[in-house]
Amino acid sequence: METVLYRIDERLIHGQIMTAWQGRTGAETVVIVDDTAAQDEFMIQIYRLAAPQLRVEVVDTAKFHEMAEDADTGRTIVLFKGPAEALKALEEKITPDELIVGNVATAPGRKKYTKYAYLSEEEKGMLEKLQNLGWKVNMQLLPDDAKSRFER
Amino acid sequence: MGKVIVVTHGGLAESFYETAGMFIAERSGLAVLGLGVDLEEFKNELRSEVIGSEETEFLILADLFGGTPFNLAAALCREARMAGKQIEILTGLNLPMLLEILPFAENLSCSELKEMALRAGREGIHDLMEELRNSG
């Protein structure tokens, strides 16, 4: 699997933001790693409706690790709904790279971290853990926006 | 003060502001105005939001075509043009269109924002059962 982007985005595949990243990376596939959604055929169908122009795979962590080894998905964007999903998928078996945190909506326990991301203390700890594993964690909504390094 | 101005009946405008904030904390560039009982107050606020602003371009998103907030926005167009300001107005405001344009509000022109909002507003409406039937 040729991963061109690891990204956290609560809204996963949506509108102009995804279009912008797709344009920038030349991705043809989006792999959503989500243990819960991967068990739900109906949700998978709905994710696919959101991006008819892309190949969309919704997989659990184990399947993602398999795919990372040998799947032929072309240029691929790997998407996570939040830091918990990202940590679970990336903490082992994947060579540290860059993880971009985009839009994370508010939820109980989360507080405003940047203009576009709300994070809980626990989630900040998860991102820090990834940093300690060698991941470059950067906050960035759109490809042309300036990146800012995540800091606990 | 904002480049994108949401105008609605009642508390809807304020609710759009709050609800958009659940997704995107940064809403500078977005102003909202809800029409309550005081028509004159609404009119004055809208006027100062446009004529009194340093911005020269505005995208006004109205809840309802033909409704009072829309009518007042439309009535402001000529005066705004005389003051050297450009206004675009869309009706049928929905959350998809607002969320789509918010991250771009500062960097795009109002006609670019309008095109983006129009598309997102339309594409944001899905007939789920129909699409599932068609997707096989």
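A: Start with the elements: helices (H or I, at least four residues) and strands (E, at least two) are DSSP runs, numbered from the N terminus. This is a predicted model, in which local features need pLDDT of at least 70 and side-chain atom pairs count only at pLDDT 80 or more, while totals for chains, interfaces and linings use all residues. Residues are numbered from 1 along each chain as its sequence is written, and chains are lettered from A and ligands numbered from 1 in the order in which they are written.

Q: How many helices and strands does chain A have, and in what order do they run?
A: Chain A has 5 helices and 9 strands. From the N terminus on, the order is β-α-β-α-β-α-β-α-β-β-β-α-β-β.

Q: What does the radius of gyration say about chain A?
A: The radius is taken over C-alpha atoms, and the globule rule is 2.2 Å times the number of residues to the power 0.38. For 152 residues the rule puts a compact globule near 15 Å; chain A has 14 Å, which agrees. Along the principal axes, the C-alpha atoms of chain A fill a box of roughly 35 × 30 × 30 Å.

Q: What share of chain A counts as buried?
A: A residue is buried if 20 or more other C-beta atoms lie within 10 Å of its own, exposed if 12 or fewer, and partly exposed in between; C-beta atoms are placed from the backbone. By that count, 38% of the 152 residues of chain A are buried.

Q: And what part of the contacts in chain A joins residues 24 or more positions apart?
A: Two residues are in contact if their C-beta atoms, placed from the backbone, lie within 7 Å. Among the contacts in chain A with a separation of 6 or more, 71% join residues 24 or more positions apart.

Q: How do I read a phi value?
A: Most residues other than glycine have a negative phi, and most peptide bonds are trans. A:Leu12 has a positive phi, near 55 degrees. A:Lys93 also has a positive phi, near 70 degrees.

Q: Where do A:Leu12 and A:Lys93 lie?
A: A:Leu12 is in the loop between strand S1 (2–8) and H1 of chain A. A:Leu12 is buried, because 21 other C-beta atoms lie within 10 Å. A:Lys93 sits in the loop between helix H4 (83–90) and strand S5 (98–101) of chain A. With 13 other C-beta atoms within 10 Å, A:Lys93 is partly exposed.

Q: How do I describe two packed helices?
A: Two packed helices are described by the angle between their axes and the distance between the axes. Axes are lines fitted to C-alpha atoms, for helices over the stretch in contact, and angles run from 0 to 180 degrees between N-to-C directions. Take H4(A) and helix H5 (residues 121–132) of chain A: their axes come within 9 Å and cross at roughly 30 degrees. That makes H4(A) roughly parallel to H5(A). Angles under 35 degrees count as roughly parallel, over 145 as roughly antiparallel, 65 to 115 as roughly perpendicular and the rest as oblique.

Q: Is the crossing of H4(A) and H5(A) left-handed or right-handed?
A: A crossing is left-handed if the near helix is turned anticlockwise from the far one by less than a right angle, and right-handed if clockwise. The crossing of H4(A) and H5(A) is left-handed.

Q: Which residues of H4(A) and H5(A) meet?
A: From H4(A) come A:Pro83, A:Ala84, A:Ala86, A:Leu87 and A:Leu90; from H5(A) come A:Glu123, A:Met126, A:Leu127, A:Lys129 and A:Leu130. By class, this contact has 8 nonpolar, no polar and 2 charged residues. Ala, Val, Leu, Ile, Met, Phe, Trp, Tyr, Cys and Pro count as nonpolar, Asp, Glu, Lys and Arg as charged, and the others, Gly among them, as polar.

Q: What about H2(B) and H3(B)?
A: Helix H2 (residues 39–50) and helix H3 (residues 68–82) of chain B pack at an angle of about 40 degrees, with axes 11 Å apart. H2(B) is therefore oblique to H3(B). H2(B) passes H3(B) in a right-handed crossing.

Q: How many residues does each chain give to the contact between the chains?
A: Chain B gives 12 residues and chain A gives 14. The largest share of chain B's side, 3 residues, comes from H6(B).
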